[in-house]
Amino acid sequence: MNDIRILSEKVAVRIAAGEVIDRPSSVVRELIDNSIDAGASRVDVKIERGGISLIRVSDDGIGMSRDDLLLCIERHATSKIYELDDLYNISTLGFRGEALASIAAVSKLRISTRQKGSLVGYQLKVAGGKVQSVDEIGRPEGTTVEVKDLFYNVPARRKFMRSPRSETDSVVDVFTRIALGFEDIHFVLQADKRTVLNFARTNNLVHRLVVPFGRDVAERMVQSTGLGEGVKISVYLCPPQFARTKADRLYVYVNRRSVRDRMINKAIIEGYGRRLMKGFYPQAVVFLDVEPSLVDINVHPAKQEVRFSNPGSIFRKISEIIDSGLGPSVEQYTVASEKSAGKKVAEPFQLSWHTPDSSYDLNLTLSPDREIEEGSIGTTLLDEQVLVIGQLNGTYILCEGQGGLVIVDQHAAHERVLYDRLIKAVQDASVEVQTLLLPKTIELSLREKRVLQEKSGLLSKLGVEVEDFGGQSVLLRGIPSLLGNANWDFLMGELIEALEQGKADRETLMHRAISVLACHGAIKAGDVLTRQEMESLLEQLNRTALPTNCPHGRPVCRKITYYELEKMFKRVV
Ligand code: ADP
Ligand code: MG
């Protein structure tokens, strides 16, 4: 018995379509790519219900003749390459001739177009891959592709679509990624009849970086360029303190095409090197201008991956340029907080963690002439009497404990303290809010702003009071008094990230948010402490539910016993 059969054309086309088009945002990407390839100077994108009901992309590019219009929805129909050799020298975004055929197979498609210099235009209607009509019409030069009811004839695929909202997010992301690569084209995105993004033409990319990164971050980005073997590399780097727990703010371009490549991401992270904490991803934009013959874009139908003929040397170069672009001072980033950015914190009496709240019982009201109290009787930590010996490297509190040396990580300790206090305050609905005299404007991405608005109830329980400020901005009006010293530009991004992840329940979101607040509110490594402050911190720590670990699970204190010390010095064997 023979079991092998050739699939019918209908099935084969659907399978192929699924590789290129898996959700509305991939349709948007393919259509914008086509508009760019057609030489458009303006591209208008319109979606309804996340693109599930409607996607319309209009351009003022070269348009198509009637014959080309009929051909463009056939599989492997492309005007961009002619022969095999062309595959190794691709300068357009498209070349596989699959997108329109795939879209046509799984939607109700209408394409209208007028070729440059032609007097009339044409409109083609297709449903489920079948041509319904071709008509002569009047319209401006250029092309409009309208896709309705995506996957209406592929129920299995339709089931996999997410909510209109998350499909919209994905379209916004795809749209923004493409727009960053072509700052000479005007891009407009409308979702459900509202203009959500409008990128005017510009010759300064920073104007566009403001949209995905927010103004504060974009303005702090450093730019750097360099040359490698057959490649020109240009990078825009956010300072490492803006690192995130996801790689969602890494924008990578190969010959202006937005790609997602794990190896390039790795090279970027390596470039940041020790400036980043483990598990964190920087925010950065990397443009690679590679000789077309040295890169293969034809790795995946969606053309999101690339392969280089000399990957090692390109990756090394990327890391190198990033490393030198960020500058030699690792300290500057790990140590400095907002007020002291750029200079090392050294003077003990100008700490940036002063809190305006006098009820804060970690005693932080410093005065330059405060003397270390004589005959300090010591502090209790983990039910053990300890005596603070001093501070090591502005980071660790060293104590003489019973039977050994106790080392406390000051940041982790303070984080634990703040975490417990916030949890308790939230439980008792007694979070003290400090109203800002000068409310602070914070620039966000549209998606971040939406999350923030959705979670404003939860935030106000935490003492974080924000208000819509139009456009992409929000106004920060009040903060939990416990966190007087946090850098809110940075904190807000992480807070939103904590609040948006997945299907977590309210309780989990609350705990995540509190962890973020505690981490940012806590004193940092490099903050010099007086003995009293250290003692006060240890007292506080001792009162927490779990003094041994910070909210992230890292240890807060460690002990080296005298026995271990003696072994170290070979006093015992
Ligand atoms: P590819 O982009 O890989 O060539 P597509 O299926 O996306 O394949 O498009 C097929 C062809 O249709 C393109 O090669 C191009 O000639 C034509 N085409 C598609 N979109 C446009 C557009 N917006 N303006 C002009 N021509 C277009
Ligand atoms: Mg294409």
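1. Ligand 1 has an oxygen atom 3.0 Å from a backbone N or O atom of R96. Side chains contribute as well: an N or O atom of N34 is 2.8 Å from an oxygen atom of the ligand, and an N or O atom of D59 is 2.9 Å from a nitrogen atom of ligand 1. These are polar contacts, a term that denotes a pair of N or O atoms within 3.5 Å. The protein covers 93% of the 530 Å² of accessible area that ligand 1 has on its own; such areas come from the Shrake-Rupley method with a 1.4 Å probe.

2. The model is predicted, with pLDDT of at least 70 needed for local features and 80 or more for side-chain atom pairs, while totals for chains, interfaces and linings use all residues. Residues are numbered from 1 along each chain as its sequence is written, chains are lettered from A and ligands numbered from 1 in the order in which they are written, and side-chain values use heavy atoms, with hydrogens and water left out.

3. The shell around ligand 1 holds 18 residues, of which N34, T78, S79, K80 and G97 come nearest; a residue is near if one of its heavy atoms lies within 4 Å of the molecule. By class, the shell comprises 7 nonpolar, 7 polar and 4 charged residues. Asp, Glu, Lys and Arg count as charged, and Gly is among the polar residues.

4. The whole structure contains 7 aromatic pairs, defined by ring centres of Phe, Tyr or Trp (its six-membered ring) within 6.5 Å. One of them, F213 with Y251, is edge-to-face (planes over 60 degrees apart), with 5.4 Å centre to centre and 65° between the planes. F213 belongs to helix 7 (residues 206-213) and Y251 to strand 11 (residues 250-254), so the pair ties together parts that are 38 residues apart in sequence. Helices (H or I, at least four residues) and strands (E, at least two) are DSSP runs, numbered from the N terminus. Both F213 and Y251 are buried, that is, under 20% relative accessible area (1.4 Å probe, protein chains only).

5. F175, F187 and F199 form one aromatic cluster. Two charged side chains also lie over ring faces: K108 over Y152, at 4.7 Å from the ring centre, and R157 over F151, at 5.9 Å. The criterion is NZ of Lys or CZ of Arg within 6 Å of the ring centre and within 35 degrees of the ring normal.

6. S319 is located in helix 10 (residues 311-326). Its relative accessibility is 12%, so S319 counts as buried. The C-alpha atoms of S319 and E270 are 5.8 Å apart, although the two residues are separated by 49 residues along the chain.

Note on methods:
Polar contact = N/O pair within 3.5 Å; in protein donor to acceptor, adjacent residues only side chain to side chain. Phe/Tyr/Trp six-rings, centres within 6.5 Å; stacked < 30°, edge-to-face > 60°. Buried < 20%, exposed > 50% of the residue type's maximum accessible area, 1.4 Å probe, protein only.
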